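Subject: Structure for you to look through

Hello,

Here is the structure I promised to hand over. Please open it and keep it beside this email as you read.

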Amino acid sequence: MHKILSKQTLAPGIKRFEVIAPEIAQRRKAGQFVILRVHEEGERIPITIADANPAKGSITLIVQEVGMTTRLMGEKKAGEFLPDVCGPLGDPTHIENFGHCVCLAGGVGVAEIYPVVQALKTAGNRVTAIIGARSHDLLILENEMRQAANKLLVTTDDGSYGIHGLVIKPLQEMMNRGEKIDRVFCIGPVPMMRAVTELTRPTKIPTIVSLNPVMVDGTGMCGGCRVTVGGKIKFACVDGPDFDAHEVDFDELVRRQQMYRSEEKEALERYVKSLEEGETEKKSCQMAEIFQALMPSNAGKNSESFLDSKAN
Amino acid sequence: MAKKVIPEKTPIPEQAPELRITNFNEVALGYSDDQAVFEASRCLQCKKPVCIAGCPVGIDIPRFVDMVAHGDFKRAVEIIREKNALPAVCGRVCPQESQCELVCVMGKKYQPLAIGRLERFVADFAREQSNGAPLFIPAKKTGKSVAVVGGGPAGLTVAGELVRLGHRVTVFEALHKIGGVLVYGIPEFRLPKAILQAEVDQLAALGVEFRTNYVVGRTEMVDELLSRYNAVFIGTGAGLPYFMNVPGENLNGVYSANEFLTRLNLMRAYLFPRWDTPVKVGKRVAVIGGGNTAMDAVRTAKRMGAEHAYLVYRRSRNELPARAEEVHHAEEEGIEFRFLEAPVAVKGDAKGWVTGIEIIKMQLGEPDESGRRRPLPIENSNYVLEVDTVVVAIGQGPNPLIAQTTPGLKTGKHGVIVVDPETGATSKPGVFAGGDVATGGATVILAMGAGKKAAQAIHGFLS
Ligand SMILES: Cc1cc2nc3c(=O)[nH]c(=O)nc-3n(C[C@H](O)[C@H](O)[C@H](O)COP(=O)(O)OP(=O)(O)OC[C@H]3O[C@@H](n4cnc5c(N)ncnc54)[C@H](O)[C@@H]3O)c2cc1C
Ligand SMILES: Cc1cc2nc3c(=O)[nH]c(=O)nc-3n(C[C@H](O)[C@H](O)[C@H](O)COP(=O)(O)OP(=O)(O)OC[C@H]3O[C@@H](n4cnc5c(N)ncnc54)[C@H](O)[C@@H]3O)c2cc1C
Ligand code: SF4
Ligand code: FES
């Protein structure tokens, strides 16, 4: 049993939890995640370890409510317990002094890139972070990121704050200016990671993406999280979740993520119906929706034209 | 005085096939007291009982059976427990036909004694009587401690033996439930979870500490455990699923048996949406393989409503490695066996969902190193079997996590941990291993046998 020490709403539908997990707090490294269950009959879901306090024995998890399990998590209050928190899982992000690193994240991905930015900076890198959200009120961890990175750029899709546009826009501009970039890290919805991948492909800037296939055990036992990287099957939970972006088969990832779409919908609808208050406003996965709207299903193949039109 | 032989095994009451494919309740219902006494009375009480040697842990079969025949079920369970800590499990899942019952003298001419069913009966009797009170009183505390990695049959056996010898034992398990394959792999209809839980509760009552959600190699390393405990036992099993490496294997609707069974057993996907985890089972399901894992997956698919549940196996019925009883049950349940066939590709639609498997027919050639006749493809025999779900159950190897994170731990072919088969000692002092992690996928009782030997060796190491 893992006690929730505190809970805080960072943006509509995005909540931060501080949870007791001493062994995990001791050992976790950037890029690692936990698998948790919210209740005894619940699903096992992966959540990145956004931060940790080894002295206090706690870890920080930032969760966006997209479906039933993350909504149930959102209902949890400080003082309550999570039955299972297992970790730290996954291979830590490969950190060394690369030089100048650009770290991009959208939506709740900011929570996932935050420890990577911290670790890169500690290793002596100059880190430019670019974070984005659909609009200003959905932006999370701005202050933390400003502290962690050497330079922070913020974008909003609706222009309500920072640069008007998607997170790839400033990256494109940096590349146009011929700025030296030694490595790119990108975490967010697949359409965003894919767009960044296509942007850095021609110039071969090493680009790392953190993949988020559906997981069950997180220990390499089920094979459900398999992704194709460089033509080979990899298990994201033990061989990743970080991979060389230019080698990833994103089409397959997108397809496999949707495997349980109808069941997820059914579960969510039942859950929402069960909430008597009729709190039915669907605050789900805004970033993914925006990117999906901007990049229709065939976009993978011509994302360069997408970049041209969107990021001039 | 020659005893009159009763030639046939006493049948065990079972749910009717038409009924049981609609539920996940146990198939076999177990003997009544009278049936058990009657079956036990079939035993010849041989002067030179060969059955004992047929049992991998050497249960004194004639003696326990004799107690059953005389109605002393309590004494019977004590005799079994001298050698086997999980009789309710073994009575249900051991491949008796290739162990004790294979060599039973009566089997030469008639049907062998139903040793497995009697073991099950006795264990169930004891569980119902004991109300969870520990059956053993642990020895005086030794002050020594042992970390057991993995809560499967191997780890549980080591824990049980060592706690009874007075050592402090902690079991570290990666999943949120203890039991290994018994909890995530073997379905409820063969091994009810409550029975396993009762065995685990017994160990807890004896003082074994359980730490779930604890992945050794991630949460803590073996070397760190070694600095906190006097010895470490690794029983992490063979949980790494193998795939076929054919085109289309990552299409939506293709599962490894581990994922399929884990969703259904550990996560109770058959209770979705009451439980949260979903699973996709189509109307036409093909399971690839012929072992217990394949048999469990295909029978589960049937229970999940598959109209056609195919078992695609590249050899013939004679070579099926699954337990005979389960093959028989599967046949009764209408599983469609497709022998001498092997998939060469998985076919999908434009949206990436499985539509079928392309199969090539096989014939049997000369025996290979496993002693079984080698399957050989028949050229131009390919055809497509229409299915919407595929479950790959062609075997599994040890998870490399521990080997990768434990310097000095020697591994061999397919990543198994190299051990001394008599003691379970690894190349690393103070570290022992056993069960599937040292042998590759085997059986519950062999994992337990390895656990017993390792426990004795660890006890020696600590003394
Ligand atoms: C390594 C990793 C790290 C992650 N870190 C975070 C994080 O820090 N914060 C955060 O908010 N989210 C994170 N996620 C995503 C999070 O796991 C999913 O949002 C969550 O599982 C959705 O569950 P649900 O029941 O609420 O939604 P559902 O309605 O069940 O699913 C919505 C979508 O989430 C994805 N998903 C569903 N179940 C799983 C699963 N078991 N494993 C992975 N993805 C799933 C699928 O793409 C699905 O279409 C991470 C995912 C991975 C793989
Ligand atoms: C579906 C299926 C059906 C089967 N049916 C039968 C049958 O009918 N009869 C029979 O005799 N045998 C059967 N077997 C085989 C039998 O289950 C195994 O041989 C036996 O379970 C092996 O026991 P074990 O303790 O070595 O490993 P396992 O049972 O695999 O247990 C290993 C445990 O270690 C845990 N673990 C792994 N890595 C770590 C880590 N790094 N840190 C912490 N914990 C870890 C795992 O989560 C697991 O709980 C079947 C196997 C399967 C898959
Ligand atoms: S071999 Fe068969 S008949 Fe003889 S003692 Fe063993 S179980 Fe009884
Ligand atoms: S989640 Fe099961 S193998 Fe990765």
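One definition to begin with. A residue is called buried under 20% relative accessible area, exposed over 50%, and partly exposed in between, using a 1.4 Å probe and the protein chains only. Now some ground rules. This is a predicted model, where local features need pLDDT of at least 70, side-chain atom pairs count only at pLDDT 80 or more, and totals for chains, interfaces and linings use all residues. Residues are numbered from 1 along each chain as its sequence is written, chains are lettered from A and ligands numbered from 1 in the order in which they are written, and side-chain values use heavy atoms, with hydrogens and water left out.

**Two exposed residues with positive phi**

Start with K204(A). At 66% relative accessibility, K204(A) is exposed. Its phi is near 55°, which is positive, yet the residue is not a glycine. Find K204(A) in the loop between α6 (190-200) and β13 of chain A. Helices (H or I, at least four residues) and strands (E, at least two) are DSSP runs, numbered from the N terminus.

N380(B) is not a glycine, but its phi is positive, at about 60°. N380(B) sits in the loop between β12 (373-377) and β13 (383-386) of chain B. With a relative accessible area of 76%, N380(B) is exposed.

**Buried parts of chain A**

Is T207(A) buried or exposed? T207(A) counts as buried, because its relative accessibility is 1%. T207(A) belongs to strand β13 (residues 207-210) of chain A. Its side chain makes a polar contact with the side chain of T200(A), at 2.7 Å. A polar contact is a pair of N or O atoms within 3.5 Å; within protein, one must be able to donate a hydrogen and the other to accept it, and residues adjacent in sequence count only if both atoms are side-chain atoms.

Next, look at helix α5 (residues 168-176) of chain A. Seven of its nine residues are buried, so α5(A) is largely enclosed by the rest of the structure. Among the buried residues are I168(A), K169(A) and M175(A). Just after α5(A), G178(A) has a positive phi of about 75°.

**Two cis peptide bonds**

G87(A) and P88(A) are joined by a cis peptide bond, with omega about -5°. P88(A) is in strand β7 (residues 84-89) of chain A. The bond from G240(A) to P241(A) is also cis, and its omega is near 15°. P241(A) lies in the loop between α7 (236-239) and β16 (242-244) of chain A.

**Ligand 1**

Check the backbone first. A polar backbone atom of P46(A) is 2.7 Å from an oxygen atom of ligand 1. One of I62(A) is 2.8 Å from a nitrogen atom of the ligand. On its own, ligand 1 has 860 Å² of accessible area, and the protein covers 90% of it. Such areas come from the Shrake-Rupley method with a 1.4 Å probe; for residues, only the protein chains shown count as cover.

**Ligand 2**

Ligand 2 is surrounded by 36 residues, and the closest include E173(B) and R190(B). An N or O atom in the side chain of R190(B) is 2.7 Å from an oxygen atom of ligand 2. A polar backbone atom of D436(B) is 2.9 Å from an oxygen atom of the ligand. Taken alone, ligand 2 exposes 990 Å², and the protein buries 95% of that. α14(B) gives the most to this shell, with three residues.

**Ligand 3**

The residues around ligand 3 include C43(B), P62(B) and I115(B). The shell divides into eleven nonpolar, no polar and no charged residues. Here Ala, Val, Leu, Ile, Met, Phe, Trp, Tyr, Cys and Pro count as nonpolar, Asp, Glu, Lys and Arg as charged, and the others, Gly among them, as polar.

Best wishes

How values were computed
A residue is near a molecule or strand if one of its heavy atoms lies within 4 Å of it.
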